[in-house]
Amino acid sequence: MYRSHNCGELRAAHINTEVTLAGWVQKSRDKGFIVWVDLRDRYGITQLVFDEERTNKELIEQAQNLGREFVIQAKGTVVERASKNPNMPTGDIELLVSELNILNEAELPPFTIEDNTDGGEDLRMKYRYLDIRRNPVKDSLIFRHKVTQEVRNYLSNEGFIEVETPYLIKSTPEGARDFVVPSRMNEGEFYALPQSPQTFKQLLMVGGMDKYFQIVKCFRDEDLRADRQPEFTQIDCEMAFIEQEDILNAFEGLTKHLLKEVKGISVEKFPRMQYDDAMRLYGNDKPDIRFGMEFGELNAVAQHKDFNVFNTAELVVGIAVPGGNSYTRKEIDKLIDWLKRPQVGALGMVYCRCNEDGSFKSSVDKFYDQDDLAKWAEVTGAKTGDLICVLSGDTNKVRTQLSALRMELAERLGLRKPDEFAPLWVMDFPLLEWDEETERYHAMHHPFTAPKPGQIELLKTNPGAVKANAYDLVLNGNEIGGGSIRIHDKETQALMFDYLGFTPEEAKAQFGFLMDAFQYGAPPHGGLAFGLDRLVAILGGQETIRDFIAFPKNNSGRDVMIDAPAPIDDDQLEELSLKLNIKS
């Protein structure tokens, strides 16, 4: 055996015990007559000691020549440390080494393997296998394992069956570009990597599996952000013979279980909010409700004065920033500059101070008197000492801009506390959304989402008004899961395809297998998929997902460690019947 114990388990109770440890050299301290070496493995650090009173000279010299990240084996006796370290679990003891074996030497790492490293993100991604040795990344991966195990245990105990579905499938439109894979055996034809197992889990319901889940890789060829990867992991679930309420209850249960078991937090309330209300009050469909600053629509109290900027706007809307009256004019100007950045795109901002004496001072005092501004405060819920921030313009743009401002201000004010959890169901999304470029409707979720009961007839008269029987689970301003009740009859599915612009022939070519399956007794069914990467990150108190993925891609979709994607040689291209046509 290379080791009898790991580097994190030895305690005072092990004193005078003969043990063998193995791991990496974290660092060493050489005083000439005594050498200390910190030995690290996944479980922790144990201090090794070599001193001239108890260790032979040859062994000390061997220890003096150890470099950082050398892989070594050390045998010896556990002894009490003369100078204890209360900050280390193993800080009461050290290992007096009697035998040292170098299992592998190591080059000096390109960055220090410390919690607070000197390596930048790009460098650490290139040497990700070294980065994983660092506690923040290692602990994040262990945390992900714990969450995943709790998910599996909970769903299995609730009667869900884990079923694997294929990765090489047929390309179907699901909102993003597919990654495609050429088939050598079927010349000129391609597989697609699944954006989700959507059609397969519906077929499993047709097959009578009743309750399915899968922790599954999904693939989308889309522009990336810090919280997106081209390959990501879903907790994919589907249930038969259920209604919407059954699904909400089932996955509230899973979320409560994870918060309790992983974080030790009991959360009972899962409020529900209509999509329209989320957009009106927060400007987005995944609002963070850990704090207030709800939108106040000001058209009725801010228009029809002499301020043309507001009069010509489709929407005038504001938020009250708690304690914001303390901001200096310079700080407010910086806030306006932040809004004008291309990423946000606002043209400017009107503000109003709510003074301690009950008076108001705005940047548009020329057009509005104290009574007018008092109405602004009433609509936005502003109190003495607050600052009212007001934007105006096209409804959708302004809501998006003010939502960004709300989140930025909450970050600056410390209102987005990572140890506080506020779940929320957002319900009743539009079934369809109009695309100006293609001049046709697109499914807001996917083409298998059922309309709300009683609204099918609306598809014929007012498609844009139809609500989907869909729901998203939001946690701390992030969508962690989404799903819907599915269409389970051929006639409604055909009608849906028609309104999405598919001809009967196109629908047959793309989804004939599903339509055929519906002819053989498809049960009412629905489901939900959690984004595992994002869920784990939020539970871990982080906004980004990369540290919870062993080998992530960068913002260009590249794995800089293995240098992928990469060209393939001409022989492979010929074998696959492919010819490149790269536009410079």
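Predicted model: local features only at pLDDT ≥ 70, side-chain atom pairs only at ≥ 80, totals over all residues.
Visitor: What phi does asparagine 476 have in the turn between S20 and S21?
Guide: Helices (H or I, at least four residues) and strands (E, at least two) are DSSP runs, numbered from the N terminus. S20 and S21 form a hairpin, with 2 residues between them. Asparagine 476 sits in that turn, and its phi is positive, at about 55 degrees.

Visitor: Which residue in S22 is the bridge partner of glycine 483?
Guide: Two strands pair if DSSP finds at least two bridges between them. S21 and strand S22 (residues 525-531) share 5 bridges, in the antiparallel sense. The S22 partner of glycine 483 is leucine 528.

Visitor: At what distance does a polar contact join the side chains of glutamate 238 and arginine 486?
Guide: Glutamate 238 lies in strand S10 (residues 231-240). Glutamate 238 counts as buried because its relative accessibility is 0%. A polar contact is a pair of N or O atoms within 3.5 Å; within protein, one must be able to donate a hydrogen and the other to accept it, and residues adjacent in sequence count only if both atoms are side-chain atoms. The side chains of glutamate 238 and arginine 486 make such a contact at 2.9 Å.

Visitor: How many strands form the closed barrel?
Guide: The barrel runs S1-S2-S3-S5-S4, with mixed pairing. Neighbouring strands of this sheet are turned by 55 degrees against each other on average, direction ignored. One of the pairs is parallel: strand S3 (residues 44-51) and strand S5 (residues 93-104), over 2 bridges. The number of strands in the barrel is 5.

Visitor: What angle does the direction of helix H1 make with that of S5?
Guide: H1 (residues 57-64) packs on the sheet, where it touches strand S1 (18-30), strand S2 (34-41), S3 and S5. Contact means heavy atoms within 4.5 Å. Axes are lines fitted to C-alpha atoms, for helices over the stretch in contact, and angles run from 0 to 180 degrees between N-to-C directions. For H1 and S5 the angle is about 70 degrees.

Visitor: Within what arc do the buried residues of H1 fall?
Guide: The buried residues are Leu59, Ile60 and Ala63. They line one face of H1 because of the arc they fall within, seen down its axis. The arc is that of the directions from the helix axis to the C-beta atoms. Its value for H1 is 100 degrees.

Visitor: Which residue caps the N-terminal end of H1?
Guide: The face turned away from the buried side carries the exposed residues Lys57 and Glu58. At the N-terminal end, a side-chain oxygen lies 3.2 Å from the backbone nitrogen of glutamate 58. That oxygen belongs to the capping residue, asparagine 56.

Visitor: Which strands stand at the edges, each with a single partner strand?
Guide: The open sheet has 5 strands in the order S12-S13-S16-S14-S15, with antiparallel pairing. Each edge strand has a single partner, so one side of it is left without a neighbour in the sheet. The edge strands are S12 (296-297) and S15 (360-362).

Visitor: At about what angle to S15 does helix H11 run?
Guide: H11 (residues 370-380) lies across S12, S13, strand S14 (350-354), S15 and S16. Its direction relative to S15 is about 95 degrees.

Visitor: How many disulfides does the structure hold?
Guide: A disulfide is a pair of cysteine sulfur atoms within 2.5 Å. Cysteine 218 is in none; the nearest cysteine sulfur, that of cysteine 237, is 12 Å away. Cysteine 218 is buried, at a relative accessible area of 0%. The number of disulfides is 0.

Notes:
Residues numbered from 1 in each chain as written. Heavy atoms only, no water. Buried < 20%, exposed > 50% of the residue type's maximum accessible area, 1.4 Å probe, protein only.
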